[in-house]
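Subject: Structure handover

Hello,

Here is the structure for your files. My notes on what turned up follow below.

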Amino acid sequence: MLSDLDFDSYWAAVDAELAAVPARPVLDLVPERTTDESTSFTVRLTSIGPYRIFGHLSIPTGDGPFPALLHTPRYGSVNHIPHPNDRSRYVVFAVMHRGQRRADEAFSAAYPGLLTTGIDDPASYNYRGIAADCLRAAEFMMSLSEVDPARIAVSGDDLAVLTAARRSGFTAVRVSELLFYRAMEARLTSSLYPLEELNDHLRAGSSAEIVGNTVAYFDPFRHASAVAGRTLVAVDDLEWSAPLIQAFPAAGVYKLTHLDGTDSEFLDAWLAELSGVSPMTRFLVG
Amino acid sequence: MRKPEDATVEIELPADFDDFWAAGLAECALYPLDPVFTEMPSLSTDKVIVYDLHYTSYGGLRIAGWYTVPRDLTPPYPALVTIPGYISEPTIPKEWAELGYAALAVAPRGKLRSNSVFNPGYPGLLTHNIVDHNTYGYRGFYLDVVRAVDVLLDRPDVDNARIGLQGSSQGGGLGITTAALRPDAIACVAAGAPYLCGIMTAPTLTRSYPYEEINEYLRLHPKDVDRVRESVAYYDGLNFAPKVQAPTLLYLGLEDDVCPPETGFALHRALTCETTLHTFPHCAHHAGLPGVLRIVEDFLAEHLVPGAVNHAF
């Protein structure tokens, strides 16, 4: 069982290590992605390691400051470029963590494999660096003069929760597709990836105790109580997710319908309302 | 208000379309497949044996895949090629082996395990050399999936009369192209939310990626629009569709912002084979997931008759 003391000291060490590394951002204009609605850039930043990570940034056209939206990376080699709907309404920053495409010069993540890379030791677990990459992205986005500090959101999976917990200033947190929540139980329910990676790793000789201890540092349940912003958690199974929902100070829950057009519009509208912008649908009706 | 089922999706058929793809297949045949299967005990389970796979494809490139078979069933097995989406990496298809199939999850060139020579990046594949159909990035990519079928045809543990194709989005689109290029080898196709159909029309109906890559390309290179149109016509699923002979399951989300339903309906009209169409109101690119997987599973079982009966989904 991971103690609170170990949990806190682990993450304090990540913060300290990150604070010692200058971000040194470099922005390059992307002409083909720049329109009347927004201006787009690629961004390179230094995270712990040191490691250069990558991101897509866009700034809406007009007089700011604007609401801001940080997209934490999904589990996979590629993250899409932020949608034009988001680029027109928010300062939006989508970060690629170490090992993902565009941030893979020194390390290329394996799929399957990333989830268990270094997992037998929390200090060397690759997700420690990945979490730091998200924290660095948050710091960068919050430093932009175009960002309205009263309207800063983060959207994503467990990494969004972790980022909102460890960096103050997020006023809205939109969460879906959790990976680390009760992962050691969830891995037993099917042979589907990515959680099957945990089973593969255990078959290869590791112990459930060691793996369970490491993933506990990343379980959103452990981070939820430190999230200050309004939170929406989109879930499939209300009963399974209830302990997590209750752990947030200010969380609502959205039960996914699996009509993904409907789900997408609800999640967009929730954040739009909190951010003071208009909701938009990705399915063009005109 | 959009009426996707009534929309016209125009596509020109290049005069040398058949010759172009015959030449690609002929070039593939110059290279021995040289498949190498390596059993992976740590990835295998009490139900499934997992193999790492590499084989040779168009241009002599080595292509990776995962191959799984049911541990407790006696071959020959019915077989599936599972085809990945645009931004996804193929996972190890244990769930299909648990249902009684030999399953080959292919990683066409550019995917992580097959990108040592060709690596257009993501975003990037859709517009890689898009002005020249002879060097368009998707040429080898399409043929890599065809060669995966050839790998299965070469396996003594696979029943050659029971090979199917399964995928969604890019996997759905390439299910159609592969079935068209190997009409004698494919017993059925399950294609969800098919991508790469109506390639020039789709970017006018959506602002979502990956089709937005074409809008961005043309924003920077507006004079290339005719060359792009000419090039992608060789790769458009609508031009492959009449050549598909295998029974085909199509499923579409009627609010799909990634692969507009207009293009899915156009594909349905272009198919002349036995076709089953399922449409899902209020669904976007998931096109009925997760419930539609039961329909897919039943469709494949009807045509490929696996030995196991338990539902994985």
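First, the terms. Axes are lines fitted to C-alpha atoms, for helices over the stretch in contact, and angles run from 0 to 180 degrees between N-to-C directions. Helices (H or I, at least four residues) and strands (E, at least two) are DSSP runs, numbered from the N terminus.

This is a predicted model: local features need pLDDT of at least 70, side-chain atom pairs count only at pLDDT 80 or more, and totals for chains, interfaces and linings use all residues. Residues are numbered from 1 along each chain as its sequence is written, while chains are lettered from A and ligands numbered from 1 in the order in which they are written.

**Helix pair, chain A**

Helix 3 (residues 126-142) of chain A and helix 4 (residues 158-166) of chain A cross at roughly 55 degrees, and their axes come within 9 Å. Helix 3 of chain A is therefore oblique to helix 4 of chain A (under 35 degrees is roughly parallel, over 145 roughly antiparallel, 65 to 115 roughly perpendicular, the rest oblique). From helix 3 of chain A, A:Ala131, A:Cys134, A:Leu135 and A:Ala138 meet A:Leu159, A:Leu162, A:Thr163 and A:Arg166 in helix 4 of chain A. Contact means C-beta atoms, placed from the backbone, within 7 Å. The residues of this contact divide into six nonpolar, one polar and one charged. Ala, Val, Leu, Ile, Met, Phe, Trp, Tyr, Cys and Pro count as nonpolar, Asp, Glu, Lys and Arg as charged, and the others, Gly among them, as polar.

**A:Thr116**

A:Thr116 sits in the loop between strand 5 (91-96) and helix 3 of chain A. A:Thr116 is buried, with 24 other C-beta atoms within 10 Å (buried needs 20 or more, exposed 12 or fewer, partly exposed in between; C-beta atoms are placed from the backbone). Neighbours within four places in sequence aside, A:Thr116 contacts A:Glu197, A:Leu198 and A:His201.

**Sheet, chain B**

Nine strands of chain B form an open sheet with mixed pairing, in the order 1-2-3-5-4-6-7-8-9. Pairing requires at least two DSSP bridges between two strands. Strand 1 (36-39) and strand 9 (275-280) of chain B are the edges. Strand 3 (residues 62-70) and strand 5 (residues 102-107) of chain B pair antiparallel over five bridges. There, B:Trp66 stands opposite B:Ala105.

**Interface**

On the interface, 37 residues of chain B contact 31 residues of chain A. Helix 6 (212-220) of chain B gives the most to the chain B side, with four residues. That side divides into 15 nonpolar, 12 polar and 10 charged residues.

Best wishes

Definitions and conventions: Contact = placed C-beta atoms within 7 Å.
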